[in-house]
Amino acid sequence: TAQYGGTAHAGDVGTMPKDEYGINTCIGTGRRIARVTAQLVAAEGAQLAERPMLDVWILQDREDALRHLIEPFCRALSDDCDVVIHGMLSAPIRPCIACDICPTHVGPDEEYRCIIRRRDDGVKRAHHDLLRPDIIVPAVLSTKNREGLVSGYQEFMERTRYLRRGDYVFTDRLVVPLVMAEIGAAEHLDIRMMTSFVRHHTVLEQPVVGWLHDDRLINPDDVRAGLARAVRHGASLTTGRLASISLGNMATHYQPVGYVLAQAKDQERATMEARENAIQERQRKLAERAALRLSTIGKRASGGSS
């Protein structure tokens with residue numbers, strides 16, 4: 001996947017075509033746009049039989065201040081989607097140790113495959129919850145005074161590497177960064193979250209930013225409208241993703257670049273066969289889920305399978 005778009009070396013006229021890897025990132029970006037567009041086309045011929053699932057992952061907060069701020073907005077969305085708020089700070093998230101065997105082995109998505117296996121680890125405990133949502137809302141509180149602020153954002157993002165390298169578990173899920181920021185705070189976490197989550201082969205929605213002054217939210221209408229827009233887009237994308245899965249054209253493969261040891265390991269015949277079997281099993285389960293969650297698949301859906 002071209003994580004950050006088409007990026008190629010340039011200089012004198014005619015030099016850029018020599019950068020084969022850079023040209024491939026440009027091609028990859030075009031493929032990515034085509035893939036998502038095909039899903040949106042497929043959505044026009046299908047309909048969800050249930051509400052999309054939206055999960056809020058609280059990754060930075062102070063004494064539940066963020067939770068209290070977002071709960072009213074989540075209740076307002078409950079008619080249009082199935083909303084769950086996960087406090088990712090309730091258990092310690094141990095730092096990634098950047099091992100060369102990530103994930104530890106080939107297996108199904110439901111199987112936790114990070115080398116850090118402490119029973120009380122926050123990511124291990126949350127693993128099955130991470131697989132649930134159609135719409136992912138990473139949420140943070142950003143303040144000028146960091147006293148008492150608890151953040152697990154960086155540790156969490158680094159630890160999700162096993163999900164990314166496990167052939168992109170979050171493929172084509174909608175991600176909506178949600179930031180409640182005190183005016184004057186300069187963390188720019190909305191931008192950081194976009195650059196972190198795009199690496200997971202997700203689709204990004206415009207971040208929703210609430211501005212705080214004297215602990216009061218001054219733009220609640222903007223937050224409400226932004227989340228409602230995200231739910232509409234998420235429902236459409238989810239419908240198209242499920243319709244495309246049912247047509248058997250949605251498999252993704254993680255192909256490491258720069259991880260020499262992992263890359264050599266992935267070339268082993270047994271590993272390659274196991275990965276292919278795991279991907280096929282994922283596709284089978286997703287197709288079964290799509291059959292349950294989609295009420296109709298119209299003729300337009302087949303036109304989006306290119």
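Select Cys-96, Ile-97, Ala-98, Cys-99, Cys-102, Cys-114, Ile-115, Ile-116, Glu-158, Arg-159, Arg-161 and Tyr-162: together they line the second largest cavity. A cavity is a set of points, on a 1 Å grid over the protein atoms alone, where a 1.4 Å probe fits but cannot get out, and lining residues have an atom within 4 Å of a point. The model you are looking at is predicted, so local features need pLDDT of at least 70 and side-chain atom pairs count only at pLDDT 80 or more, while totals for chains, interfaces and linings use all residues. Residues are numbered from 1 along each chain as its sequence is written, and side-chain values use heavy atoms, with hydrogens and water left out.

**Around the cavity**

The volume of this second largest cavity is about 80 Å³; a volume is the space filled by probe spheres set on the grid points, which are joined across faces, edges and corners. Searching the whole structure gives 2 cavities of 30 Å³ or more. Helices (H or I, at least four residues) and strands (E, at least two) are DSSP runs, numbered from the N terminus.

Stay with Cys-102, one of the lining residues. What kind of peptide bond joins Cys-102 and Pro-103? It is a cis bond, with omega about -10°. Pro-103 sits in the loop between strand E3 (82-87) and helix H3 (122-130).

**Two aspartates to compare**

Next, pick Asp-167, in the loop between helix H5 (161-164) and strand E6 (174-175). Its phi is positive, about 60°, although Asp-167 is not a glycine. Then jump to Asp-214, in the loop between strand E9 (208-213) and strand E10 (216-217). Asp-214 is not a glycine either, yet has a positive phi of about 55°.

Which of them is buried, and which exposed? Asp-167 counts as buried because its relative accessibility is 7%, whereas Asp-214 is exposed, with a relative accessible area of 66%. The cut-offs are under 20% relative accessible area for buried, over 50% for exposed, and partly exposed in between (1.4 Å probe, protein chains only).

**Along helix H1**

Select residues 20-43, which form helix H1. How far apart are its end C-alpha atoms? They are 35 Å apart, which agrees with the 34 Å that 24 residues should span at 1.5 Å a residue. That expected span is 1.5 Å times one less than the number of residues.

Now highlight the buried residues of H1: Gly-22, Thr-25, Gly-28, Arg-32, Arg-35, Val-36, Ala-38, Gln-39, Ala-42 and Ala-43. An α-helix has 3.6 residues a turn, so residues three or four places apart point the same way.

**Two loop stops**

Find Glu-63 in the loop between strand E2 (53-61) and helix H2 (65-77). Glu-63 is exposed, with a relative accessible area of 76%.

Ser-78 lies in the loop between H2 and E3 and counts as partly exposed at 31% relative accessibility. Leaving out residues up to four places away in sequence, Ser-78 touches Arg-51 and Val-83; contact means heavy atoms within 4.5 Å.

**An open pocket**

A pocket is an open set of grid points with protein on both sides within 12 Å along at least five of seven lines. The second largest pocket has a volume of about 430 Å³. Of its 26 lining residues, select those closest to its centre: Asp-109, Val-169, Arg-173, Leu-286 and Arg-289. Helix H7 (220-246) and helix H9 (269-293) each supply at least two lining residues, and H9 gives the largest share, 8 residues. By class, the pocket lining has 10 nonpolar, 3 polar and 13 charged residues.

**Zooming out**

Show the whole protein, with its 10 helices and 11 strands. Of its 306 residues, 47% are buried. Finally, colour by pLDDT, the predictor's confidence in each residue, from 0 to 100. The mean is 88, and 90% of the residues reach 70 or more. Over residues 298-306 the pLDDT is below 50, and this stretch has 16 contacts in the model beyond near neighbours in sequence.

How values were computed:
Nonpolar A, V, L, I, M, F, W, Y, C, P; charged D, E, K, R; others polar.
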